[in-house]
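Please examine the following structure with attention to its charged side chains and aromatic rings. The explanation leads from model confidence to the contacts between side chains.

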Amino acid sequence: MKNIQILLVEGEPIVGADLKDKLLEMGFGVIGPFSQGEKALDALSHATADLILMDIQLAGTWDGVETIHRILEKYKLPVIYLTNDSGADTFAKAKNTAPAAFMSKPFRTRDLKYTIELAIANSEKENKVAKPNSNHDNTFLLNDRLFIRTKDRMERVFFDDILWVEAEDYYSKIVTKETHIMLTQNLGKLSEVLENRPEFIRVHRSFIVNLKHVEQIRELYLHIGSKQIPLSKSSKEELMSRLKKI
């Protein structure tokens with residue numbers, strides 16, 4: 001097994017130093033600890049992590065959940081939350097980021113070790129499932145349409161008819177006014193297919209939208225019909241630039 005690198009983010013420096021020692025004793029590599037989410041995000045620009053251990057109560061401007069939202073806009077990593085607050089509101093907020101686990105403090109060292117190992121194993125399994133097979137591509141492009149392989153036939157979808165594309169676990173779902181079509185490609189692969197179409201932009205790690213159908217843009221969301229789609233802060237400037245060109 002390779003040396004797993006863990007990004008450690010803990011709001012209390014003393015607790016962070018102790019947790020780092022425990023992780024090193026378990027045989028893991030440790031990046032950090034960091035007490036601020038801003039510094040943790042910056043660390044990922046020059047270090048490679050396999051997993052994030054994230055305290056929810058941090059010292060900086062961002063809390064742990066906000067930090068994870070920002071990290072996941074750029075990096076696909078499994079997350080384990082650590083917290084003194086295991087209330088329903090905190091859990092619901094953290095759940096929106098699809099963490100691998102949520103652990104209440106105090107926890108046993110052995111339980112943490114097992115949780116990390118399971119999160120890494122599940123992440124590696126997901127990556128294998130999601131890896132595209134270049135010899136059996138499921139989409140074919142023409143100037144104004146896609147042809148998508150579904151079971152026993154090829155489905156035609158005009159680019160102008162696509163409202164948005166949504167991540168569904170390891171797959172993608174193309175949504176039009178009339179129907180939706182499931183693809184075995186993940187959203188990252190489909191984003192590459194659509195990268196030369198200026199009307200399509202990835203506005204969140206789970207959504208690509210067709211700007212021709214966007215009806216409202218708010219601070220954190222945009223709307224296509226009755227669908228409210230999350231809008232990441234890092235995508236908003238690019239989105240506004242694209243709108244000027246369409």
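The paragraphs below treat confidence, salt bridges and aromatic pairs in turn.

This is a predicted model, in which local features need pLDDT of at least 70 and side-chain atom pairs count only at pLDDT 80 or more, while totals for chains, interfaces and linings use all residues. Residues are numbered from 1 along each chain as its sequence is written, and side-chain values use heavy atoms, with hydrogens and water left out.

The average pLDDT (the predictor's confidence in each residue, from 0 to 100) is 85 for the chain, and 90% of the residues score at least 70. Over residues 129-136, however, pLDDT stays under 50, and the model has four contacts beyond four places in sequence for this stretch; contact means heavy atoms within 4.5 Å. Where pLDDT is low, the predicted coordinates should not be read in detail.

The structure holds 13 salt bridges, each defined as a side-chain nitrogen of Lys or Arg within 4 Å of a carboxyl oxygen of Asp or Glu. One of them joins Glu10 to Lys105, with the closest N and O atoms 2.8 Å apart. Glu10 sits in the loop between strand E1 (5-9) and helix H1 (13-26), whereas Lys105 sits in the loop between strand E5 (101-104) and helix H5 (109-130), 95 residues apart. Here helices (H or I, at least four residues) and strands (E, at least two) are DSSP runs, numbered from the N terminus.

Lys105 also forms a salt bridge with Asp55, at 3.4 Å between the closest N and O atoms. Because Asp55 lies in strand E3 (residues 51-55) and Lys105 in the loop between E5 and H5, this pair ties together parts 50 residues apart in sequence. Glu10 has a relative accessible area of 2% and Lys105 one of 18%; both count as buried, as does Asp55. Buried means under 20% relative accessible area, exposed over 50%, and partly exposed in between (1.4 Å probe, protein chains only).

Turning to the rings, the structure holds three aromatic pairs. Phe159 and Phe200 form one that is edge-to-face, with 6.1 Å centre to centre and 65 degrees between the planes. Rings of Phe, Tyr and Trp (its six-membered ring) pair if their centres lie within 6.5 Å; planes under 30 degrees apart count as stacked, over 60 as edge-to-face and the rest as tilted. Phe159 is buried at 1% relative accessible area, and Phe200 is buried at 4%. Elsewhere, ring pairs link Tyr81, Phe91 and Phe102 into a cluster.
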